[in-house]
Amino acid sequence: MRIPSFEFRSLRSIQYAACEKVPQLMIIAGPNGTGKTTLLEALRWRDENGNVIHIGPHRAMRRQNVQQRQLLGEAISYRSIVMSGGAPSIEGIQILGGSEDHPNYLKHALCQIEMDRQQAITQRYDRDGEIAVGSLPDPWKPLRELTQNLLPHLRFAKIDASNRTNVQCLWQVQNSSTLVDLNDLSSGEKSIVLMFYPLIERQTRSILAGVEDSQATPMPAIAVLIDEPELHLHPNLQLKVLDYLRVLSSEEGMQVIVATHSPTIVEQASFEELFLLRPVELVEPEANQLVPVATDEEKLRLLREVFGNTSNITAMQPILVVEGTADAQSGKVVPDWKLYRAMHPGFFALTLLAGGGKGECKALVRSLNEFLPQLSNKLKAFALLDRDVEEASGNDSLKLLPVSMIENLLLDPDSIWEAIQSVAERTDLRSVTDVGAKLDAILDALEDTEVERRAIASLGIVHFRPKKPLDVIPEQASRFNTEVRERFGVEAVEKAKAEAKARVAALKQERRRREDFHGKTVLGEFFKNHLHSTPLSKLVFTYEAARYAGRRQSVATFFDELFKQISQT
């Protein structure tokens, strides 16, 4: 039974969720607590004909020992057990009760298929007196194909009942003679079999009918609801699962609806497949919480470019853009966004994006705030930027650090001393006072460098862009050259240098060099001079210094106020 449309109101965290045209493959994403599982369960219990299969997120099974005599009683149908939501008492199956026990029926259900296959062969032979070679269909074909598609390193071998007190479901490891029982497969391998077996069993039962009377039973149309298909699976295997779901949903009479947190699955979903279930607190009263992320593939591509990836969209959190790149210098330094999270737990409630340089961050925030109202009028993007030599802009979306850059917050003797305790005895540092003295020495040595940095920053950057008409471009270039010579001439440079030198001297007098010098350089020099020869890596040192710096009252107060401003905007 295909689900053409649905509408639900007042279901736990769902105020209103509806879809007028449900696609053959529907992928529902969204943050925790929005009601994705609730929505799937509502769709499950709305079905009255037994043609909706719900596959829950609990796919961990205990080891099961199957004895042949246990299969002679009531027939076991794994699909029926999953669809019923109960946990029937069957000899030999260890259960606690409830839907979480469904996986523990799997091995018995597989063995039941083999017993039914043998019985069907016997009945056919008794009826016809013979079985022509090649006339028997293989009920295990669907399981073999599933294994080939998603677990190509394995091949389903057989159900081995040679030991009647320990019937085994065996897979062969490809390119070897090794046989592995279901109990001994990895959690990811078992998760694949558990997830898709209700569908496999449906196909297998149809084929079994053909073993007995040479004519397979037609299968009714069904809808399959899968909660968190990514559990226990490597990202590459998650991609294979997504492709397999597309194959299933392309078949006539099969529809698949998935709820997921997987960045891999969400990132590869098409615009037709991907839907966002928004938290009730982020939508207007009576607004539909379930919306398509994009209306066409081009818009989805653009959203992914702006947000960095689709998971940043579906997280439905305020977005904070910080300077730097996601993988700063190929892992040679700790990216700023990791330092922020080390310093304050409030950053975990935000989606942090590494936006590149200051200008790029500002442009990104503008673009994000153009898109976010499409998802929620209550979401906004902000940028937290290095102050460097820049003053506050008056833009509520742009926040400046109270120091030159994030590393300046780490230039605290107490924080550094705590961070190096594991290797302190291997350094020339014996106390917090020593750390402070070494920092001051580095600051003294970097004064000329700081003057140069500030002077160059004050001179700024100029660009030349030719304009129509073409004939006057040489004249434009001439005027530009004159402006450049004036702006960067000897007199202008000397003036900038004198002002920068005066400011650096003032910073020393005001005891603000740790706050306003180039913090990244100072921290790097400290590590090179005093920690380079120790087992402590620069990455670990930086991260630990950030963690201890976050305990400073001034740092905690600044970030507390920042989060307060963001929540009120």
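Glu407 has a relative accessibility of 5% and therefore counts as buried (buried means under 20% relative accessible area, exposed over 50%, partly exposed in between, with a 1.4 Å probe and protein chains only). The model is predicted: local features need pLDDT of at least 70, side-chain atom pairs count only at pLDDT 80 or more, and totals for chains, interfaces and linings use all residues. Residues are numbered from 1 along each chain as its sequence is written, and side-chain values use heavy atoms, with hydrogens and water left out.

Glu407 sits in the loop between strand E15 (398-400) and helix H12 (413-419) (helices, H or I with at least four residues, and strands, E with at least two, are DSSP runs numbered from the N terminus). Leaving aside residues up to four places away in sequence, Glu407 touches Asp336, Leu339, Gly519, Lys520 and Leu523 (contact means heavy atoms within 4.5 Å).

Helix H18 (residues 519-530) also packs with helix H13 (residues 432-445): their axes come within 10 Å and cross at roughly 115° (axes are lines fitted to C-alpha atoms, for helices over the stretch in contact, and angles run from 0 to 180 degrees between N-to-C directions). From H13, Val435, Lys438, Leu439, Ile442 and Leu443 meet Val522, Glu525, Phe526, Asn529 and His530 of H18. The residues of this contact divide into 6 nonpolar, 2 polar and 2 charged (Ala, Val, Leu, Ile, Met, Phe, Trp, Tyr, Cys and Pro count as nonpolar, Asp, Glu, Lys and Arg as charged, and the others, Gly among them, as polar).

An open, mixed sheet of 6 strands runs in the order E4-E8-E9-E3-E10-E11 (two strands pair if DSSP finds at least two bridges between them). Its edge strands, E4 and E11, each pair on one side only. On average, neighbouring strands are turned by 20° against each other, direction ignored. E3 and E10 pair in the parallel sense over 3 bridges, and Phe275 in E10 is the bridge partner of Ile28. Helix H1 packs on this sheet, its direction making about 155° with that of E8.

| Element | Residues |
|---|---|
| Strand E3 | 25-29 |
| Helix H1 | 36-46 |
| Strand E8 | 222-227 |
| Strand E9 | 254-259 |
| Strand E10 | 274-277 |

The structure holds 13 aromatic pairs (rings of Phe, Tyr and Trp, its six-membered ring, pair if their centres lie within 6.5 Å; planes under 30 degrees apart count as stacked, over 60 as edge-to-face and the rest as tilted). Phe347 and Phe559 have ring centres 5.0 Å apart and planes at 80°, so the pair is edge-to-face. Both Phe347 and Phe559 are buried. Tyr340, Phe347, Phe558, Phe559 and Phe563 form one aromatic cluster.
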